[in-house]
Amino acid sequence: MTIAIIGGGPAGLFCALQTAGAGRNVIIFEKKPAPGRKLLIAGSGQCNITHDGEIADFLSHYGDHGAFLRPALMNFTNRDLVSFFTGRGLAMKAEPGGKVFPETRKSADVLAVLLAECATRGVEIRSSDPVLAVERDGDGFLVTTKMGAVRAAALVLATGGASYPATGSTGDGYAFARALGQPTTEVAPALTPVYVEDYPFPDLAGISFQNLAVTVYRDGKRVGRHAGDLLLTHTGLSGPGILDASRSIRPGDVLRITFLPDVTMEAVRMQVAEVIAAVGARQVKTALCSLNLPERFVRRLLDLSGVPPNETCARLPKKSRTALAASIAEFPFRVSRLGGFNEAMVTRGGVALEGINKKTMASKTAKGLYCIGEVLDIDGDTGGYNLQAAFSTAALAARQIAGLHAPR
């Protein structure tokens, strides 16, 4: 009994090792010379594999798709994932803020555990063997590669999305899904930097802010609000807060950033007014820096507001004071574009969730077909949520396949 899995990333490898055994011959088809290329660069090579905390809290980190993932996450939790690796000698550590990494901080060590388990359980990995076509073959599937064709009783699409195409994630799985009658949604980059029109801070690249509010406006109407850490780059905005928000940002949107943490726009205006009024003889620059704003950033705000660098608070005109308060409370950035697939951490869109049974990861229309990991129309926040979804959907599919194809 052959089970074919297309894609040797974390979802494909984990599904394979969980499925193998009891008369099931599991084959992974991987088009790259070695599996796990994208996993090796996860978390800048350190592999933020999951997040700490209660698994129920994960559901709010997948946009509108948390409900779909509930059965998978509850079946194989973050605790289960940590136990899997620690039980095989790779300790995990939760960092402040909740991100979980291997103690070695090496993605290669995570991949090594997965490959060792696949080898132990007899999984066959056919590297440098890209799948050219898939089709129904009676009650099974025919998987065709340049090496020939393989008939499988069950087929798992674990091809990933379209982000970081150099690692092998080029969207192949969407075409395979459609060939088997499985609907897909439009795909686009997600968890990606935001490029800004007439960007005023190119020389401040590297300055970061913690827990800022980002409000998104489209055609003059507020369409979203997000919070998180922000990083100024040479050409726009990045950092976890922006990356998470990018999933719902479109070119032409206006982002209004509140540059003081944990406060409303109006509270920021009042705070700026109060600090300027309280230190009349001191320079405006000194007063604003007392709000824990970086000095180089303050200097640029003064310049943009037409305030001389040595101006004192007592001499600051009301118009300038209002302009500075507005800059800190809701600085506007008009989005020119979002980073492409070569910069995006994940893909928005994919195999349509309404065509997948969320309790098994099986297709509702093509019996024996399963879709797991990033090939699905699922994209989570940064912080380990996407890798957890990959492992959890893989485990759920494996449980279903092993149950249906157990020896009689």
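The model is predicted: local features need pLDDT of at least 70, side-chain atom pairs count only at pLDDT 80 or more, and totals for chains, interfaces and linings use all residues. Residues are numbered from 1 along each chain as its sequence is written, and side-chain values use heavy atoms, with hydrogens and water left out.

Residues 2-399 are 30% helix and 25% strand. The end C-alpha atoms of this span lie 16 Å apart. Helices (H or I, at least four residues) and strands (E, at least two) are DSSP runs, numbered from the N terminus.

Two strands pair if DSSP finds at least two bridges between them. Strand β7 (residues 131-137) runs antiparallel to strand β8 (residues 140-145), and six bridges join them. Arg136 stands opposite Phe141 in β8. Two residues separate the strands of this hairpin, in which Gly138 takes a positive phi near 65°. Strand β8 also pairs with strand β9 (residues 148-152), in the antiparallel sense, over five bridges. Here Phe141 stands opposite Ala152 in β9. β8 and β9 likewise form a hairpin, with two residues between them.

A salt bridge joins Asp139 to Arg151, with the closest N and O atoms 2.8 Å apart. Asp139 lies in the loop between β7 and β8 and Arg151 in strand β9, so the pair ties together parts that are twelve residues apart in sequence. Asp139 is exposed, at 65% relative accessible area. Arg151 is partly exposed, at 40%. Buried means under 20% relative accessible area, exposed over 50%, and partly exposed in between (1.4 Å probe, protein chains only).

The structure holds 18 salt bridges, each a side-chain nitrogen of Lys or Arg within 4 Å of a carboxyl oxygen of Asp or Glu. Among them is the bridge between Glu117 and Arg88, whose closest N and O atoms are 3.1 Å apart. Glu117 lies in helix α5 (residues 107-120) and Arg88 in the loop between α4 (78-86) and β4 (92-94), so this pair ties together parts that are 29 residues apart in sequence. Glu117 also bridges to Arg121, with the closest N and O atoms 2.9 Å apart. Within it, Glu117 counts as buried, at 14% relative accessibility. Arg88 is partly exposed, at 34%. Arg121 is partly exposed, at 31%.
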